[in-house]
Amino acid sequence: MLDKWMLRSDVGKKSEMPVMKFTLTVLAVAGCWRPTSWTSLFRYSMYNAYTALIILILYTFAMTQTMELIVNADSDTFGDAFFNVVISLLACYKAIILRRNHDGITILIDSLVKKPFKPMDMSENMIRQKFDKRITNNTLCYLILVFITAVYMIILSLFTDFKNGILMYKAWLPFDCSISVLFYFAYAHQILSLICIGLVHPTCDNLICGLLLHICCQLEILEYRLSNIANEQKNLRDCVDHHIHILQYSYMLNDTFSKIVPSEFAMITVVMCYNLINMAFNSSDTVSYIQDVMVVASTLFPIFYYCWFGNEIKLKSLQLSDSIYNIEWTIFNNNIKKGLLMIMNRATIPIEFSSIGIIQVNLDSFVKVLKTSYSLFNVLIRSQ
């Protein structure tokens, strides 16, 4: 698939044009992406240690919350502890999946600067730059939203919990946190865990959505090339080859990240229910209500991203047939017409992304997630 052997032989070479540079930089800060230029044993070992430290922080946080669920949780603290366990374990899962698939993701990224994906003229470069700018803006918007939410939660906790000698989140700890030094240590650990969660989730999601957008970019470049094939047989063969590579790239991308999306859908349903219930019972507490609204927005963002861009790829792949029909195909010879017809026939089957072959990643699925969350919320509210 996607000429894997040929692509693997080029992994590690310096790219002619950076792809998703900002997104990969933030991902490296989150400990989920070792820069490909860090090939020395020392840098390799240091970054692995850095990743292990972040995963350790997240796992220990999840463990303290899990033990709180088992040992001390009551009706008031169960929801908070369960919520923290879900989001921290999912962050660990995402980080591990990305690190384990580092080479495969490197192939996906590096292939975007090689033929047939590489822009060949100024117009194609402008198309690439347009999508790169969009990816950067999406990453910034998501990070800003999560950053504002995290800062709000930390400041609120500092002026309430920390001031009163209470941890940000109730947790089972193997030591007495009433001792000031141990209390500071436990409190700092929870703040670090929140920061790590706020880094890992958006950066992993933005990487996947950025690659989805690059498929849309390639489809647009293919439309441009098809509109300029003139009467040259070689150009048509290149376009057919480009279309085949786009399809193979899509299958490879879906296969690489299909394990993350189902867990994301499940987390969204659980987190949405929890936060809607919190908002329903804490509607009189303005400060907590604002926090819940910000958490809901940060939670909905990733699944909306997946579904929106998955839907955009589907529509753009179907649009390819119309784009071919609208070019001056009547002036071409029969061989070129046959080649165009072959691309049109294949384009009638849209490129669709799915999670483990069950959930289609499109706007219909996003609406279903919202409906499921709201239905579960209604059931839980009535049971109260």
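By the ring-pair criterion, the count in this predicted model comes to 16 aromatic pairs. Rings of Phe, Tyr and Trp (its six-membered ring) pair if their centres lie within 6.5 Å; planes under 30 degrees apart count as stacked, over 60 as edge-to-face and the rest as tilted. The model is predicted, and local features need pLDDT of at least 70, side-chain atom pairs count only at pLDDT 80 or more, and totals for chains, interfaces and linings use all residues. Residues are numbered from 1 along each chain as its sequence is written, and side-chain values use heavy atoms, with hydrogens and water left out.

Helices here (H or I, at least four residues) are DSSP runs, numbered from the N terminus. Phenylalanine 117 is buried at 2% relative accessibility. Tyrosine 249 is likewise buried, at 2%. Buried means under 20% relative accessible area, exposed over 50%, partly exposed in between (1.4 Å probe, protein chains only).

A second pair is formed by phenylalanine 183 and tyrosine 187. Here the centres are 6.0 Å apart and the planes meet at 35°, so the pair is tilted. The two residues are four apart in helix α7 (residues 180-226), and therefore separated by about one helical turn. Both phenylalanine 183 and tyrosine 187 are buried. Elsewhere, Tyr142, Phe301, Tyr305 and Phe309 form one aromatic cluster.

Helix α8 (residues 233-257) also holds serine 250. This serine 250 is buried, with a relative accessible area of 3%. Leaving aside neighbours within four places in sequence, serine 250 is in contact (heavy atoms within 4.5 Å) with Ile215, Ile351 and Phe353.

Helix packing was examined for α3 and α4. Helix α3 (residues 41-71) packs on helix α4 (residues 78-100) at an angle of about 155°, with the axes 8 Å apart. Axes are lines fitted to C-alpha atoms, for helices over the stretch in contact, and angles run from 0 to 180 degrees between N-to-C directions. The angle makes α3 roughly antiparallel to α4 (under 35 degrees is roughly parallel, over 145 roughly antiparallel, 65 to 115 roughly perpendicular, the rest oblique). By class, the α3 contact with α4 has 16 nonpolar, six polar and three charged residues. Ala, Val, Leu, Ile, Met, Phe, Trp, Tyr, Cys and Pro count as nonpolar, Asp, Glu, Lys and Arg as charged, and the others, Gly among them, as polar.
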